[in-house]
Amino acid sequence: MNAEDVVTVPVGLGERAYDILIGPGLLSRAGREIAARLSGIRVAVVTDENVFAAHLDTLRSGLDSAGIESTVVTVAAGERSKSFETLQDVVNSVLAARLERQDAVLALGGGVVGDLAGFAAGIVRRGMNFVQVPTSLLAQVDSSVGGKTGINTAQGKNLVGVFHQPRLVLADTGTLDTLPPREFRAGYAEVAKYGLIDQPDFFAWLEANWQSVFSGGPARAEAIARSCRAKAEIVERDEHEAGERALLNLGHTFGHALEAATAYDSARLVHGEGVAIGMVLAHRFSARMNLASPDDAERVEAHLRAVGLPTRLEDIPGDLPDAEALLSYIAQDKKVSRGALTFILTRGVGQSFIARDVPGSEVLAFLKECQAQ
């Protein structure tokens with residue numbers, strides 16, 4: 001791999017600034033990149049069973065070549081690993097390896113592994129170094145950037161966690177070639193999200209180029225880099241989600257409720273699919289509230305459906321709870337403030353905004369309409 005094949009996206013957070021490196025072959029040079037920023041460390045690699053088989057040997061070879069000693073912690077693949085029980089296992093494994101505060105926890109995997117490992121890194125010894133090596137599209141463009149970590153509970157998704165920024169993100173685009181098509185599509189929902197937030201030109205570019213993004217090559221790398229830059233710019237201005245960072249939750253309030261309603265069963269719904277349905281619902285709800293044209297909702301739905309993503313409640317296999325139960329999951333979401341419902345709504349494609357004090361009665365009526373269709 002040539003250095004010119006790698007795109008660097010800086011995340012400017014003062015003393016906590018770090019780089020996102022995007023390109024092929026980064027797993028094999030991970031040790032060199034880490035050692036250049038964190039010298040003399042040992043590493044606990046947290047990964048899942050699927051990624052272990054596909055990518056661990058390449059990563060460990062890269063760590064070994066840079067003289068970085070590593071221990072491996074393996075968890076079950078899937079959203080259900082974001083639990084108190086698995087977090088305890090990871091924490092105990094890091095402590096058993098006698099890693100010290102200046103050492104690092106390295107997340108090798110998708111968003112589940114990154115959220116789980118990042119939470120462990122944030123609480124072990126009151127905060128260890130953390131390195132993200134995302135292997136899914138969703139993780140490369142979203143969850144690996146910005147420092148959000150956490151686990152799920154019966155009450156909802158990501159309700160327990162900490163902000164803990166990584167010291168480095170290595171997004172090896174070659175790992176995406178091994179992703180199942182469903183997982184790649186799910187990650188694409190987060191790519192489309194950046195266009196729908198405030199970059200209508202990017203969304204139009206995706207409508208024209210999504211097939212090239214899926215097939216790989218320069219269009220894929222460009223989509224990842226543009227997504228990371230969009231997120232980095234927002235995180236730099238609002239690290240702890242006191243204001244505009246909430247825009248990154250477009251589609252997530254509905255989507256998280258649907259994930260909780262399906263008990264985080266990945267056979268029924270994975271995170272990116274929930275976000276895809278959630279973004280369509282957000283646009284449809286905005287139209288219902290006379291904030292945007294129904295044409296915008298139809299355009300968003302048409303694009304997401306074209307790439308193979310679910311866009312409606314009936315696309316989720318199995319039965320869902322009734323509208324009242326879905327609303328109760330929404331009310332548990334982190335975006336709720338003092339009981340008031342907060343949504344990311346839109347005035348059109350690329351014109352999202354934070355809507356506070358959304359009437360629960362309007363949301364309930366909307367959900368009932370959706371379920372009746």
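1. Two strands count as paired if DSSP finds at least two bridges between them, and the strands themselves are DSSP runs of E with at least two residues, numbered from the N terminus like the helices, which are runs of H or I with at least four. In this predicted model, β6 (residues 129-134) and β9 (residues 168-172) pair in the parallel sense over two bridges, and the partner of Q132 in β9 is V169.

2. The model is predicted, with local features requiring pLDDT of at least 70 and side-chain atom pairs pLDDT 80 or more, while totals for chains, interfaces and linings use all residues. Residues are numbered from 1 along each chain as its sequence is written, and side-chain values use heavy atoms, with hydrogens and water left out.

3. β6 is also joined to β5 (residues 104-109), which runs parallel to β6, by six bridges, and L108 has V133 as its bridge partner in β6. Together with helix α4 (residues 111-123), β5 and β6 make a right-handed β-α-β unit; right-handed here means that, with the strands pointing away from the viewer, the path from the first strand over the helix to the second runs clockwise.

4. Six of the six residues of β6 are buried, where buried means under 20% relative accessible area with a 1.4 Å probe and protein chains only. In a regular strand the side chains alternate between the two faces of the sheet. Here N129, V131 and V133 point one way from β6, whereas F130, Q132 and P134 point the other way, and all are buried.

Terms used
Buried means under 20% relative accessible area, exposed over 50%, partly exposed in between (1.4 Å probe, protein chains only).
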